[in-house]
Amino acid sequence: QGDVDEAFENAAYVVEGTYETSTVQAAALEPYACIVEPTGDGFTVYKGTPAPFELRNQIAEWLGMDEKKIRIYCPPIGGGFGSRMDDLEFVATLLARKVQRPVRMELQRAEGFLSGRVRHGAKLRVRSALNEQKKLIGRELEAFYDTGGHMDLGPYIILRAMRPLAFYPTENLRFVGHLVYT
C-alpha cells in the first residue's frame, strides 16, 4: 500500500537488516494421536489441536461432507507450537469410514519427528525508511520460508509473516513472501 519506492527515495535514514530462523521441531509432551469414531452419517474426531474448526472444515471438504456431520472434540492440550496440525486424523477418518468402527492412531516419538510438522525456517529482510524527525515513513519486508517438500501450511505461514508490518504503522508498506521447496 502507498508508495514505498517514494518513501525510500525521500528518506533521511534507511535502516535495514536480514534475520534468519532455523527449522524447529516443537517436540510437544503429548504424542501425535487421534481417535475417529463413525457416528451414523458423520464422525467424531478426538484430537488435541489448536484449530478444531479448521480441522472440521478440512475433513468435511476432503470427504465431500457437510461440516455439521463432523464433530471435533478437543481436550485441553499443552503447547503445540505449530506441530499439532498433523495428518493422522485424515488417515484415521478414512479407515473409520471403511471399517465403520472407531480408529485410534498414535505415532511413536521417532515417527513424530520424521513426519510431524515443523516450524518453517525463514530468512527475512526488513527495510525501514525514516524522515528527518526519525518517524517511520515506509517499510518493506521480504520473507523466504522453507516449506519443505510440500506446500502444507505454507500459504498460511506467509499470511502470518506480514504481521511485523503492523507493529509500527505507516502508510507505505510492501510485503513480498516466497515459499521455497527444499
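Modeller: Start with the salt bridges: there are nine in the structure. A salt bridge here is a side-chain nitrogen of Lys or Arg within 4 Å of a carboxyl oxygen of Asp or Glu. This is a predicted model, where local features need pLDDT of at least 70 and side-chain atom pairs pLDDT 80 or more, while totals for chains, interfaces and linings use all residues. Residues count from 1 along each chain as its sequence is written, and side-chain values use heavy atoms, without hydrogens or water.

Colleague: Which residue forms a salt bridge with Asp 5?

Modeller: Arg 174 does, with the closest N and O atoms 3.0 Å apart. Arg 174 is in strand β8 and Asp 5 in helix α1 (residues 4-9), so the pair ties together parts 169 residues apart in sequence. Helices (H or I, at least four residues) and strands (E, at least two) are DSSP runs, numbered from the N terminus.

Colleague: Is Glu 140 buried or exposed?

Modeller: Glu 140 is buried, at 9% relative accessibility. Buried means under 20% relative accessible area, exposed over 50%, partly exposed in between (1.4 Å probe, protein chains only).

Colleague: Switching topic. What order do the strands of the open sheet have?

Modeller: β1-β6-β7-β8, four strands with mixed pairing. Two strands pair if DSSP finds at least two bridges between them. The edge strands are β1 (13-21) and β8 (173-181).
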